[in-house]
Amino acid sequence: MVEVDEHRELARQIAVLRREADEMEAVAAEIYATAPRLYGGGSFEMVAAVDEADGYRREAAQWRAQAAQAEKHLIEMREGA
């Protein structure tokens, strides 16, 4: 029973990581879509907004990598059970 609970908790954590990554990607997409209208091309504010969006995308990639690592661990746990 403890193993099942551990598997469920890890699966829940994987889902949270993926959801967080999806949210960060959505924020980045929103910034990419709205920045040109708000700031115009080439302005300092536009460059800063794109840098911010790039940061969100990098962070989302890190969350996805953590989720993939956790999923790999979950598979190993299940195969070992």
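Apart from neighbours within four places in sequence, Glu25 is in contact with Ala60 and Arg64 in this predicted model. Glu25 itself is part of helix α1. Its relative accessibility is 29%, so Glu25 counts as partly exposed, a class that lies between the 20% and 50% limits. Along the chain, Glu25 and Pro36 are separated by eleven residues, and their C-alpha atoms are 18 Å apart in space.

**Overall fold**

The protein consists of two helices and has zero strands. Its radius of gyration is 18 Å, whereas the globule rule gives 12 Å for 81 residues; the value is well over the rule, so the protein is more spread out than a compact globule. Along the principal axes, the C-alpha atoms fill a box of roughly 55 × 15 × 10 Å.

Of the contacts with a separation of 6 or more, 73% are between residues 24 or more positions apart. Glu52 and Ala28 are 24 residues apart along the chain, with 7.7 Å between their C-alpha atoms. Ala68 and Ala21 are 47 residues apart in sequence, and the C-alpha distance for this pair is 12 Å.

**The loop and Ser43**

Helix α1 covers 2-39 and helix α2 covers 44-80, with Ser43 in the loop between them. Ser43 has a relative accessible area of 17%, which is under the 20% cut-off, and therefore it is buried. A polar atom of the Ser43 side chain lies 3.2 Å from the backbone oxygen of Tyr39.

**Positions in helix α2**

Both Glu52 and Ala68 are found in helix α2. Glu52 has a relative accessible area of 42% and is partly exposed. Ala68, at 43% relative accessibility, is also assigned to the partly exposed class.

The accessibility values of the residues discussed here are listed below.

| Residue | Relative accessible area | Class |
|---|---|---|
| Ser43 | 17% | buried |
| Glu25 | 29% | partly exposed |
| Glu52 | 42% | partly exposed |
| Ala68 | 43% | partly exposed |

**Surface and charge**

What share of the 81 residues in the protein is buried? Buried residues make up 22% of them. The accessible surface of the protein comes to about 5700 Å², and carbon and sulfur atoms account for 54% of that area. As for charge, the protein has 10 positive and 17 negative side chains. The centres of these two sets lie 4 Å apart.

Definitions and conventions. Residues numbered from 1 in each chain as written. Predicted model: local features only at pLDDT ≥ 70, side-chain atom pairs only at ≥ 80, totals over all residues. Heavy atoms only, no water. Helix = DSSP H or I, 4+ residues; strand = E, 2+ residues; numbered from the N terminus. Rg over C-alpha atoms; globule rule 2.2 N^0.38 Å. Buried < 20%, exposed > 50% of the residue type's maximum accessible area, 1.4 Å probe, protein only. Contact = heavy atoms within 4.5 Å. Areas by Shrake-Rupley, 256 points an atom, 1.4 Å probe, with all protein chains shown as cover. Lys, Arg positive; Asp, Glu negative; His and termini not counted. Charge placed at Lys NZ, Arg CZ, Asp CG, Glu CD. Polar contact = N/O pair within 3.5 Å; in protein donor to acceptor, adjacent residues only side chain to side chain.
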